[in-house]
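Here are my notes on this one, jotted down while going through the model. Have a look at the structure first, then read on.

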Amino acid sequence: MSLWTINSNCCRHIKQAEEGRGAVGTGTMTVSVVFRGFALFLCIKRLLCLLITESTYKVETKTIAVDYSHDDIYPKIEKGLAGLEIGVLVNNVGISYSYPEFFLHIPDLENFITTMINVNITSVCQMTRLVLPRMEARAKGVILNISSASGMFPVPLLTIYSSTKAFVDFFSRGLQSEYKCKGIIIQSVLPFFVATKMTKIRKPTLDKPTPERYVAAELNTVGLQDQTNGYFPHAVMGWVTTVLAPIKLVLCLGLRMNKAQRGGYLRRRKLR
Ligand SMILES: NC(=O)c1ccc[n+]([C@@H]2O[C@H](COP(=O)([O-])OP(=O)(O)OC[C@H]3O[C@@H](n4cnc5c(N)ncnc54)[C@H](OP(=O)(O)O)[C@@H]3O)[C@@H](O)[C@H]2O)c1
């Protein structure tokens, strides 16, 4: 975990968390690229951040190394957070499939299920449990939960990932209703593709932006939208896939696209 010493005077809603002296982000060993974007912009906004990462930034940091695929790590995190005022929590840690696959064909399915639920769901609930009580007592704080556009509709062959992200979205929106009146902002963030290690996209495009570009746009929505795609081209894609296109078509295209990707991946693996 890394503790960042930075100040804040921008974005009124992020600033709301300023009196909390830290920010926590989940993502261990090396900071996630999406989160690196979040970190960068929080930095620009000169907040005091606390990141769960081993990355070295030129800011004051504290690191707690944990593996979110385990569910017994939270006492260690709780101990590490003791005495810190957390103003911002970014629940960013997440894993996806290494390639799209039919449920029963997923390698080591039993462990895969447990790991994905621990990393994508349990982490969000448990980190919120650790940080929210002090936010409630101070009547201020911001929690950004990184869901995914694939939580807005089922994505065949990425079914478990898509389902965990739907959980994150529902959890965030339900919790926001519970705690809005207590001065706390909880936002569900649902990006489409961003050029990160997870997506292996090397060349960013308008619809697949760099993490920095995505986060710059996303942070402008904090406090304005409880649920957001965070970036205008993604908002248009979200509207098309959930409002304009019939769900049957979205499922059919998703299945076809992921079957093609699966085929390509398996062919390349055989060639090696
Ligand atoms: N990129 C996209 O297109 C996209 C779209 C929608 C939603 N998202 C969501 O955005 C979030 C960030 O994704 P990303 O694209 O930045 O992915 P990424 O580059 O793979 O980063 C994921 C982060 O989670 C950490 N992590 C993974 N498993 C962990 C574990 N067991 N214990 C501790 N830390 C672990 C990674 O650490 P290491 O670096 O050490 O592996 C990394 O810091 C995820 O929740 C993802 O689902 C991404």
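1. Let me start with residues 236-255: their end C-alpha atoms lie 21 Å apart, and the span is 90% helix and 0% strand. Helices here are DSSP runs of H or I with at least four residues, strands are runs of E with at least two, and both are numbered from the N terminus. UniProt, in an unreviewed entry, puts "transmembrane region" at residues 236-255 and also at 142-161. UniProt positions follow the numbering used here, feature names are shortened, and annotations may be inferred rather than shown by experiment.

2. The other span, residues 142-161, is 15% helix and 25% strand, with its end C-alpha atoms 25 Å apart.

3. Some housekeeping. This is a predicted model, where local features need pLDDT of at least 70, side-chain atom pairs count only at pLDDT 80 or more, and totals for chains, interfaces and linings use all residues. Residues are numbered from 1 along each chain as its sequence is written.

4. Overall, the protein has 8 helices and 7 strands. Of its 272 residues, 41% count as buried; that takes 20 or more other C-beta atoms within 10 Å of a residue's own, while 12 or fewer makes it exposed and anything in between partly exposed, with C-beta atoms placed from the backbone.

5. Now β5. It is largely enclosed by the rest of the structure, because 6 of its 6 residues are buried. G141, I143 and N145 are covered on one side, and V142, L144 and I146 on the other. In a regular strand the side chains alternate between the two faces of the sheet.

6. What does β5 pair with? β4 (residues 86-91) runs parallel to β5 and is joined to it by 4 bridges, with N91 opposite N145. Strands count as paired if DSSP finds at least two bridges between them. β4, helix α4 (residues 109-138) and β5 form a right-handed β-α-β unit, meaning that with the strands pointing away from the viewer, the path from the first strand over the helix to the second runs clockwise.

7. β5 (residues 141-146) also pairs with β6, again in the parallel sense, over 6 bridges. V142 has I185 as its bridge partner, and I146 has V189. Between β5 and β6 the chain passes through helix α5 (residues 159-179), another right-handed β-α-β crossover.

8. Is β6 (residues 184-189) covered or open? Mostly covered: 6 of its 6 residues are buried. I184, I186 and S188 sit on one side, and I185, Q187 and V189 on the other. β6 also pairs in parallel with β7 (residues 227-228) over 2 bridges, where V189 partners T228.
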